[in-house]
Amino acid sequence: MESFKIQNLSFTYPNRENQTLNNINFTVKQGEFVTLCGKSGCGKTTLLKLLKPSLAPFGATEGTILFENRLLSSYKAKEQAALIGFVMQSPDNQIVTDKVWHELAFGLENLGVSTPEIRTRVSEMVSFFGIESWFHKKVTELSGGQKQMLNLASVMALHPSVLLLDEPTSQLDPIAAQEFLQTLGKINRELGTTVILTEHRLEEAFPLSDRVIVMDNGEIIADDTPRRVGEILHRENHEMYLALPAPMRVHGAVDNTLSCPMTVREGRIWLENISKQITLHPELIPEAQPQRESLHTVVEIKDAWFRYEKNAPDVIKGLNLSVGKGELFAIVGGNGTGKTTALSLIAGLQKPYRGAVFIKGKSLFKTKDLHRGILGVLPQNPQSVFAKKTVYLDLLEMLDESELSKAEKAARVQEAAALCRIDDLLDSHPYDLSGGEQQRAALAKVLLNTQEILLLDEPTKGMDVQFKTEFADILKNLKAKGVTVVMVSHDIEFCAEYADRCAMFFDGNIASVGSPREFFAGKSFYTTAANRMARTRLLNAVLVEDIITACGGALPQKPSSKVGTNKPHKEGMEKTAAKELTALRKKERGTEMACQPKKARKLSKRALISVALILLAMPLTIYVGVRFLENRKYYFISLLILLEAIIPFCVMFESRKPRARELVTLSVLCALAVAGRTAFFMLPQFKPVVALVIIAGVCFGGETGFLVGAVTGFASNFFLGQGPWTPWQMFTFGIIGFIAGILFKHGFLRKTKTSLSIFGFLATFLLYGGIMNPASVIMWQNTITHNMILSAYLAGVSFDIVHALSTAFFLWILSAPMLEKLERVRVKYGLYA
């Protein structure tokens, strides 16, 4: 039986011209272990998420996805959640509770599993995964490897038939990553669970795999057994060949007829056998150079002690560290040993309670303008450096305080983007990029300013092999200019090849330090696969190239680097960049001024139904409440209006059910409006409610605007007081949101602060005041005269002006940022489409 059958699958993200996936076809049989690999941005994560409907991105999808011989879209949400498990890249992004035991039970509780069954399954998972010793711990006390193991156990408690994993070891140290993948192999072998894994670390994933699928530019270029895929990539001299396990690369570079090894054990056997056929030359391997202290120390930590809380245990314990000018100093070690904390001490983000940190011989906290030209930081989470709505604007932000002209700034941005291979992503939102693309964009942002010291936390995370080579060349160029680089990394191979010195972090201090060859040659676990493979025959071998050289093989050609080559003429680049900057600014202004095209201005049947319900049914409901129920059943009337407000909203979903994302967005908007009205209770009529209702209507349509207004009026009066005025307020708030949506849709209202503020002022003064003022008479008087109505208007004018001004004020302040965020959410997830 087939777990998945993908036929002619293509996918394109909104506002992107190029397809992310192009005509994908493959089948996954039940019980198979399939590894999906490829360069950053090739479409791996998109493909994996399309196999999990609740995580599927919004966009244009073609082709079919069959799951266990049924269309994937035909499964109910509950069935999908139980049958298809998903483990994400970041362990913290998937954990939702505070305790380990609760996290294990959380998914089962949501599926409605009985309590005895939950206890049985949880106890089963705890035993299978060896979680007994930390079952009662808080999740904040766990290491990265334990958190990811907890995520895997929580998913497996649901008993899925398929397990999807998106680079689950990208943030784990080598030992934790190895343990995680071994557990994954155990699940596949002993439980028969189908596994589809995307991974950049192929040393451990390849031997576990029944099949390997290689992607490039949204297409499948190889789909076969691991050994056959290795042959295909080697024959075509593809860049992905350099990402294969070390034994496979050694075998491909040495002329021999022996079978291709995949694991370190098989590699040792191959090396023993090949040594009987040829003469090995260990003397050709470079000797380990002794550790040399730099003459000019740039970064120094002396006897530093640090803890995050007063009564918490120490994270840094008597740390002593010195890094010289122009040196690449790499720090390796397990998760939770204090590596990132040490980096934060150097960056000045944390201060040791004992000891000192020195930058260029001066105390860190006495150094002025530390982050302007002296220190640059690339954090572990690249998303933390992004603050703008496009990659281009984020990069441009780094040059705001420079004295360069606009054209020169644009040229610098283009140069950095080309260097980091993100020049085709400049118009994208940073959060819409893949993990590797985000890493490159964050790196480009850091490199834009000339720094003397660079602090890099996991810089190669998510990078493909080609860009790692280019990144290494970038670091070499920086070192040649005297830039000092301190890097925390789990990428052992990269550190071994390019670092000047490496240090092992353990228990808040440095356990050992030395040049890469002397450092890695003596390790058993924290060392390269090549060293583990060759240590019985070639003691000094650390890199794959060392083994190939000793065996007399041909060294593989590394991907060509773009660094420092083919630089365009400066003046021409500035002119081109200036034109692109102008075009981008016009595009942004066009987006801000956007209104619906004329072809969409005709009222649809759905809109006519909504108009009939809102303008006829609701006033009639209020009239019945006043005329026949004498305002005594205002709760009943309020609920009727709420029901009538929901009907137009539901009509929006003629062919499908509302999705959780849409309901959550609606709930958040209502909650913000209720909170805003309650927060300003002490200021009569000075409230942000109408402003938020208008924003909801403009962004998500008139029906949504009406529902947000009606729900806000009803819910907020639980805090401010229910009464016969509640139905009137619900209707009035709602009608303003509805009209705002209709006017925007038909081109009479624009998404500018000025346009929205003017509309907000007039709508509040004329509509809210125009309805609520006479309502105050209708609610309390049996006999109504024109003079009463006129008096109500005159008495309410001052309050209406304050209310209208407050609406205009809040729209002026809130409309631009809120509409930007809501529009992004609407487009990205296809809300209310």
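**Close-up views of helix packing and strand pairing**

**View 1. Helix H27 against helix H28.** In this predicted model, helix H27 (residues 725-745) and helix H28 (residues 753-780) have axes that come within 10 Å and cross at roughly 155°. Axes are lines fitted to C-alpha atoms, for helices over the stretch in contact, and angles run from 0 to 180 degrees between N-to-C directions; helices (H or I, at least four residues) and strands (E, at least two) are DSSP runs, numbered from the N terminus. H27 and H28 are therefore roughly antiparallel to each other, a label given to angles over 145 degrees, whereas those under 35 count as roughly parallel, 65 to 115 as roughly perpendicular and the rest as oblique. Their crossing is right-handed, meaning that the near helix is turned clockwise from the far one by less than a right angle, with anticlockwise counting as left-handed. Among the residues that make the contact (heavy atoms within 4.5 Å) are Trp 725, Trp 728 and Phe 731 of H27, together with Phe 759, Tyr 768 and Trp 780 of H28. By class, the contact of H27 with H28 comprises 19 nonpolar, two polar and no charged residues, where Ala, Val, Leu, Ile, Met, Phe, Trp, Tyr, Cys and Pro count as nonpolar, Asp, Glu, Lys and Arg as charged, and the others, Gly among them, as polar.

**View 2. Helix H25 against helix H28.** The axes of helix H25 (residues 689-700) and H28 come within 10 Å and cross at roughly 120°; H25 and H28 are therefore oblique to each other, and the crossing is right-handed. On the H25 side, Val 690, Ile 694 and Val 698 meet Leu 756, Phe 759, Gly 760 and Thr 764 of H28. The residues of this contact divide into five nonpolar, two polar and no charged.

View 3. Six strands, in the order E6-E7-E8-E3-E9-E10, form an open sheet with mixed pairing, two strands being paired if DSSP finds at least two bridges between them. Strand E6 (84-87) and strand E10 (219-224) each have a single partner strand and stand at the edges, so one side of each is left without a neighbour in the sheet. On average, neighbouring strands of this sheet are turned by 15° against each other, direction ignored. Strand E3 (residues 33-38) and strand E8 (residues 194-198) run parallel and are joined by four bridges, with Leu 36 opposite Thr 198 in E8. Helix H9 (residues 226-235) packs on the sheet, where it touches strand E9 (211-216) and E10, and its direction makes about 130° with that of E10.

**View 4. Strands E1, E4 and E5.** Strand E1 (residues 2-12) and strand E4 (residues 60-67) run antiparallel and are joined by seven bridges, with Gln 7 opposite Thr 64 in E4. Two bridges join E4 to strand E5 (residues 70-71), again in antiparallel fashion, and Leu 66 stands opposite Leu 71 in E5. E4 and E5 form a hairpin with two residues between them, and Glu 68 in the turn has a positive phi of about 50°.

**Conventions.** Residues are numbered from 1 along each chain as its sequence is written, and side-chain values use heavy atoms, with hydrogens and water left out. Local features need pLDDT of at least 70 and side-chain atom pairs count only at pLDDT 80 or more, while totals for chains, interfaces and linings use all residues.
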